[in-house]
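The entries follow the order in which I looked things up.

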Amino acid sequence: MVVKTVEGSFAVAEAIRECEPDVVACYPITPSTHIAEDLNRMYADGEVKKYIAVEAEFSAISALIGASAAGGRAVSTTSSQGLLLMHEALFAASGMRLPMVLVVANRAVSAPLNIWGDQQDSISQRDSGWIQLYCETNQETVDSIPIAFKVSEETRLPAMVCMDGFYLTHSVEQIDVPEKKLVEKFLPKFNPEIKLDSENPLSLGVYAMPSDYQSFREDLELDLQKAKQSITRVQSEWNNLTGRNYGMIEQYMMKDAENVFVAMGSVCGNAKEAIDQLRANGEKAGLLRVRAFRPFPFGEVAGALNGKKNVAVFEKAVSLGGAPPLFGEVLCALNDLSRKPTVSSFIGGLGGKDVTVNNVAKIIVKIKDGEKRFEWV
Amino acid sequence: MVKNPDNFTPGHTACAGCGCAIAMRQIVNALGKDIIIANATGCMEIVSSCYPRSAWSVPYIHVLFENVPAVASGIVNALRAKGNDHTTVVCIGGDGSTYDIGFGSLSGMLERNEDVLYVCYDNEAYMNTGIQRSSSTPLHASTTTSQAGSVVHGKTQWKKPIVEIVAAHRIPYAASTSISFFADVEKKLKKAQAIRGSRFIAIHASCDTGWRHETDLAYDVCKLAVETGMWKLCEYENGEFKMNYKPAKLKPVEEYLKLQGRFKHLTKEEIEEIQKHVEEEWKKL
Ligand SMILES: Cc1ncc(C[n+]2csc(CCOP(=O)(O)OP(=O)(O)O)c2C)c(N)n1
Ligand SMILES: [Mg+2]
């Protein structure tokens, strides 16, 4: 174990390097840029095999599709408008069942232009057939890189690792970046059977008539649901090697909790602090952190919230004109429970608006009255 | 006619007399088995790859309409990273994909000088979606989005000079050829295949449905395009420009135009305008 005091972006780039990708293809956009620059320096120093300095994010994701189809391990990073520009190709990558990893440094989307953190960019890709993991800390993000490659390659589903822009990408802290030897033990070489190979010709990306199309979509959906098993197993393998354990969800002070804060990403750090403070005052507060948003862990969420009194779902994204995305999933998860908690929606932290420990504590105290709320914080 | 017809098999669903399907066979048969084809959305993709069938007996991938050069960049980098130094990665895109929506992706690939051979089959419109104009559609041609009405008389812009634009990227090889010049197509494909870095070949290929000519005229129409100077056979090799077909005297453009319904509405003046333009271009060469 080598703990280094480094920037989150740099640690993520190092983790990517240790996974020995065949092809990196990136286009700069704040706050993901440092990762791309670090990877490019590693390429310049001969530590990364290929770095394609593409002319747009659309070409970055397209190059990943080509590289993966040719049997290469492929990775990119982007944020905000870059991810929105990739949108069309994201569906092609998952539909073609091509493994790859995309690190999303989460950022608000235009307009108005804003470079700071929220999760609207990746949440808006939730129907694209990608695995999505939302990380609370830089350590978790770094660990999620080899995990994402392994899960992606065994399920043949592309995976996004989402880290909050600036809060994580630009913060310098102590991080244990897994060494190459450890990653080698954990992550098998990528050698897919189905690939573009002139000695074994096949056609990829063909079109399907109405008689066939839907069954492709159904298979994709079933396999994405099943990816939960792969994520769980792969994460426990990682735990065996590193002692760092990640689930589909994380529960903090949940055993006897009555009032629960549900959220994703780095805001959960502040939430834990708020819960510690409330607990010190005798409040029965708890945190349910959703790490895997796709596939959504309905069973785990229902299990964690069963019997709780009040739930505040907090999120840094909106589905304009519809149910807030995380809130909607949580409600769906609770559908079959006989003792349903009251569930409120809180939207906040958009475009880098501060979400303080105090904000979280206030929300948890507020929901104690059992009223249903839809609020912007 | 074609030596080794099994790389692009019969059984595809192209229209009778499709000039572009001829181009596909010329491409795969000239380049052999050690290739990977990345194809843009368009007629050639649709006619060749309906699940669960495929007309391709070489490795083939289709992803989207506007990103083939980037997909190919990914393929070639992955191949080379994994130690494959021999397979030729070939893009096949229509004029819509190449001149218009995928142009940024193409320019990026050329600027990076990726080791990819890009072949554009140029049928001068978006045929797959029902004959809409592209920036390759010639002046005055009527399409469903450059219609010949009483006020506007077909396309009002000249055809974009794609080979010159591509050559301006200073790639090692750019050329244009035509399905009707079999030896020229084959020679250029093979020559390009032997070069490393980005290579580009535009193949003029007829579409009888979109150009509105008889189904047995693919060969004659494309040949006339060259003989009238409406399309040229040329090469840029390391910056040096070369014409590969220089007749003593060009045939009048009218011979080419009159075979096709897309030019049927042209006035005498419009035909003269095209004739004059061709002659001026020709003088420059
Ligand atoms: C982003 C996007 N826009 C539009 C389309 C619809 N579309 C499919 S093929 C095509 C035209 C293709 O034209 P061209 O590249 O010239 O090939 P051709 O059909 O003539 O063979 C269009 C507009 C698409 N597939 N994707
Ligand atoms: Mg066309």
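**Conventions.** I note that this is a predicted model, in which local features need pLDDT of at least 70 and side-chain atom pairs count only at pLDDT 80 or more, while totals for chains, interfaces and linings use all residues. Residues are numbered from 1 along each chain as its sequence is written, chains are lettered from A and ligands numbered from 1 in the order in which they are written, and side-chain values use heavy atoms, with hydrogens and water left out.

**Interface, extent.** I looked up the contact (heavy atoms within 4.5 Å) and found that it takes 39 residues from chain A and 38 residues from chain B. The area buried between the two chains is about 2,900 Å², and carbon and sulfur atoms give 64% of this; buried area is the accessible area (1.4 Å probe) that two parts lose on being put together, summed over both.

I searched for salt bridges (a side-chain nitrogen of Lys or Arg within 4 Å of a carboxyl oxygen of Asp or Glu), and the rule finds one across the interface. Its partners are Glu55(A) and Arg112(B), with 3.1 Å from N to O.

Helices (H or I, at least four residues) and strands (E, at least two) are DSSP runs, numbered from the N terminus. Helix 3 of chain B provides the largest share of that side, 10 residues.

**Sheet of chain A.** I traced an open sheet of six strands in chain A, with mixed pairing and the order 10-12-11-14-15-16. Strand 10 (249-252) and strand 16 (374-376) of chain A stand at the edges with a single partner strand each, so one side of each is left without a neighbour in the sheet. Within the sheet, strand 11 (residues 259-263) and strand 14 (residues 310-315) of chain A pair in the parallel sense over four bridges, and Phe261(A) stands opposite Ala312(A).

Terms used:
Pairing = 2+ DSSP bridges.
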